[in-house]
Amino acid sequence: MFNYVIRRIFIAIPVLIGVTIINFIIMSMAPGSPVDMLISPQIPAEALAAKRIELGLDAPAYVQYLSWFKHLLQGDLGYSMITYEPVLNMILSRMGPTLLLMGVSLIIGVAIAVPLGILSARKQYSKLDYAAVTGSFLGISVPNFFLGLGLIYVFSIWLKILPSSGMTTLGSEGGFGDILLHLIMPVIVLTANVAGRNIRYVRSSMLEILEQDYLRTARAKGLKETLVINRHAVRNALIPIITVLGMEIPILFGGAVVIEQIFSWPGIGQLTMSSIMSRDYSTIMGLNLTAAVIVIVANLLTDITYALVDPRIKYSK
Amino acid sequence: MKFNFSMKKSITTLLVAALFILPACGNTNTASQPSASSKKAVNIGITFSPSTLNPLSPVGLASSYVTGLMFLPLVDIDEDLTYKPMLADSIETTDNTTFTIKLNEKAKWTDGTPVTSDDVIFTLKLMANPKVASVYAYTFGILEGLDDSGYLQEGKTDISGVKKVDEHTLELKTKAPTTLNIFKDTIGRYLLTVPQAALKDIAPENINKSEFMQKPTVTNGPFKLVEYNRDHFVQMDANKDYFKGAPKLEQLNFKVLQGTAISTQLQSGEIDMNIPSVGVIPIEDYEKVKGMEGISTVDGPAIASQFMYINEKSVPDAKQRQAISYALNRELIVNKLLKGNGEVVDGFFTSYSPYVDTNVKPVAFDPEKAKSLLQESGWDTGKTLNLSVLSGDSTLENAANIMAENLKSVGINVKIQMADLATLIDKLVKMEYDLGILTVSLTPINPLPDVAYFLQEGNPNGYHNVEIDKLITLLKSETDEAKIKGYYSELQKIVAQDVPMPSIYSTKALGAINNRVTVAKPKDFGMFINVNEWDVK
């Protein structure tokens, strides 16, 4: 197992380097540059040239990449080409809010999806089953921005009980309660999504297990129904769910871009959008690398958990 | 196995317990919150993020406003286009080449030391250093001793046109005679003095990346920075020792929002006001905002215009460009699309500009004339022109559709291509376009740099006219306001004839403010001059 993890980490390194190279190429091919974005075009050519030199954009693309890579090896992600803030600081300061939003949504989403999916499978074609399946379809198919705007209308404009944007109230001391209030609406939107997707996975996985012969055997040997379900069915049904949850993390990162924009959540999504729009090369590179690391780590964790949960899987040698 | 299972169970129990306990802790916090948070604060909604707070090189209007609250300019322009003293008490000249700047003697930094002539000179030298690469350096190119880009020649340490008279007085010399208005509009507005004591030990090439530029610790304006999160908010506290009088507010915040969120948050009370051209309310929301209870609105002047770039390589004949101008139904766009919240513009000046010549009437909508002009010029009706339009502005997108239809009906095939700002600018600069639409706001007092850029060689239209070049040369050194007006008037006549880049419409940005805020008024020029007197009921 240990060897397996080490090997996976070593495989991850060339993958990450490849991702940064591809990202750099695509980024360099996109029209526009951070200098174009700086000011209206009447700024003289000499001034633009000075700015290019200052930002290191006068060198050929591969030299720019190598210099970025050299700094990366020293743990330096460089400076934003627009704000001159260290990229690492920018990412770290926005990572917290995004993780908070995603973490809470994932936990609540799963806490809803798992029991509901199981119940729904056990009572197939019952009213509860139909309600759960319909609900899950709604959760998947109602667009995030639509649900978000609807919630804002009801809770912020009409009832005036929830703040429509941000993570804390500007001018207040903030605090846990304040953050909690700001969390409610974005979490509802993301949870609807997570729960919607996973109810269906849990349900179908459970339905499949319920057909298995070993359940009949368990019942035949006289086990109580709750034991049959909880010990034999549910635990096996949840194994494939681990994979799905591993995939949830990158999806949530993507969904966060939209949600963060609607609710002005101070996370990584907004930073990504504005860096791309302003062609802030160094920040885009940093964000891309972060996203790649997260996906790879999420995958690795999924595989490890898989092995821990399912004794049939072994990653030795 | 058995052991394992029970351990998992207890961990789960613990986690579940934690989930219940944590929010409970939070609730006790909430209850005590309100008393701690009743600060006197005003929240301002903006739709453009302040991309940097670097006073040497603020990028965009949002940056300039926020930075200007910490580092005062020498003077600031008010909505009536007069200059109000800020850091300087006065800027005077007798011969239009030597300008005497008298700093406010009470002006001081937040560390208690006075703001002196040395600070101003130190800042000028930083701005003139190519290693700092300030995007505003070129506005200082009028000073003696600097090249036209505003840079000091390598090897030189002093700017020959800058002289310290005493601790609070300076004399600045310009290369050519300059009107007092232009001097105030360039050096007066864009020189945001920084503290020499705090920055003198940082090498110029490192200054943009220095911690000071991320979070300035020594400032001189009415508000101090608390927290800055580029895409979301800027939080500022009052500078109680502000030399023009301590602000009555305790806090001033800027919230970066989507356009549609401005009206939402005005209604929910999460923001108190907007800045008309920087916290843009979509035209679709105007009616709603005007009808809101407790909110007052201000119809702003027409400042920014939509211009159509025409690549002279694709449309070489002036007659064809005139035809484009005749074909556009601008009245329809202003009346129906903008619902009257704008004006038809033709040429570079809107009604807000002191140099607009009202005798030069906008070209009337005349499709028949357009057709005949096209026929005369031998326009190839099989040709299709690409119209590049900035994406994201719904009004502009709709206007572009109307324009494309207008052009099609007279026989010019147009295909609309949407592009984000970076792509659009890149296309325009490289001249890889046929027609393009871009929003341009000309400085009302000093439109010369923009006009010269759009009409002289090297512009993204490929347009060239000797008469225009002559006028621009004359304007560069003229100091008599009447003559300047005359030259601009002639220029407008030529532009109306040649149509190098027709303008289409100009929107009147709406300002909105909650009635709980007193003294303040949402406006694009001079909004923050009296910010220390703002208060909340």
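A few ground rules come first. Residues are numbered from 1 along each chain as its sequence is written, and chains are lettered from A in the order in which they are written. Since the model is predicted, local features need pLDDT of at least 70 and side-chain atom pairs count only at pLDDT 80 or more, while totals for chains, interfaces and linings use all residues; side-chain values use heavy atoms, with hydrogens and water left out.

Chain A turns out to be a helix story: it has 11 helices and zero strands. (Helices are DSSP runs of H or I with at least four residues, strands are runs of E with at least two, and both are numbered from the N terminus.) Reading along the sequence gives the pattern α-α-α-α-α-α-α-α-α-α-α. Taken along the principal axes, the C-alpha atoms of chain A fill a box of roughly 85 × 60 × 35 Å. Of its 317 residues, 47% count as buried, where buried means under 20% relative accessible area, exposed means over 50%, and partly exposed is in between (1.4 Å probe, protein chains only).

A:N198 sits in helix α7 (residues 176-210) and is buried, with a relative accessible area of 2%. Leaving aside residues up to four places away in sequence, A:N198 touches A:A113, A:V244, A:L245 and A:E248. A:Y84 is found in the loop between α3 (61-73) and α4 (87-122) of chain A. This tyrosine has a positive phi of about 65 degrees despite not being a glycine, and A:Y84 counts as buried at 6% relative accessibility.

Chain B has a residue with a positive phi too: B:V519, at about 70 degrees, and again not a glycine. B:V519 lies in the loop between β18 (517-518) and β19 (535-536) of chain B. At a relative accessible area of 47%, B:V519 is partly exposed.

Chain B splits into domain 1 (1-68 + 221-294 + 515-537), domain 2 (72-210) and domain 3 (302-508), with bounds that come from an automatic or database domain assignment. Where domains 1 and 2 of chain B meet, 22 residues of domain 1 are in contact with 28 residues of domain 2. Between them they bury about 2,000 Å², and carbon and sulfur atoms give 62% of that. (Buried area is the accessible area, with a 1.4 Å probe, that two parts lose on being put together, summed over both.) B:L56, B:F243 and B:I529 supply 38% of the area that domain 1 buries against domain 2, more than any other three residues.

Three salt bridges are counted between these two domains, a salt bridge being a side-chain nitrogen of Lys or Arg within 4 Å of a carboxyl oxygen of Asp or Glu. In chain B, the side chains of B:E79 and B:K523 meet in a salt bridge (3.6 Å, N to O). By class, the domain 1 side that touches domain 2 has nine nonpolar, eight polar and five charged residues. (Ala, Val, Leu, Ile, Met, Phe, Trp, Tyr, Cys and Pro count as nonpolar, Asp, Glu, Lys and Arg as charged, and the others, Gly among them, as polar.)

Now for the meeting of the two chains. The contact takes 57 residues from chain B and 51 from chain A. About 4,800 Å² is buried between the chains, 58% of it on carbon and sulfur atoms. On the chain B side, B:K209, B:R230 and B:H232 lose the most area to chain A, together 13% of what that side buries. The rule finds one salt bridge across this interface. B:D420 forms a salt bridge with A:R279, with the closest N and O atoms 3.0 Å apart. As for which element of chain B does the most touching, α1(B) gives the most to the side facing chain A, with nine residues. By class, that side of chain B has 24 nonpolar, 23 polar and 10 charged residues.

Notes
Contact = heavy atoms within 4.5 Å.
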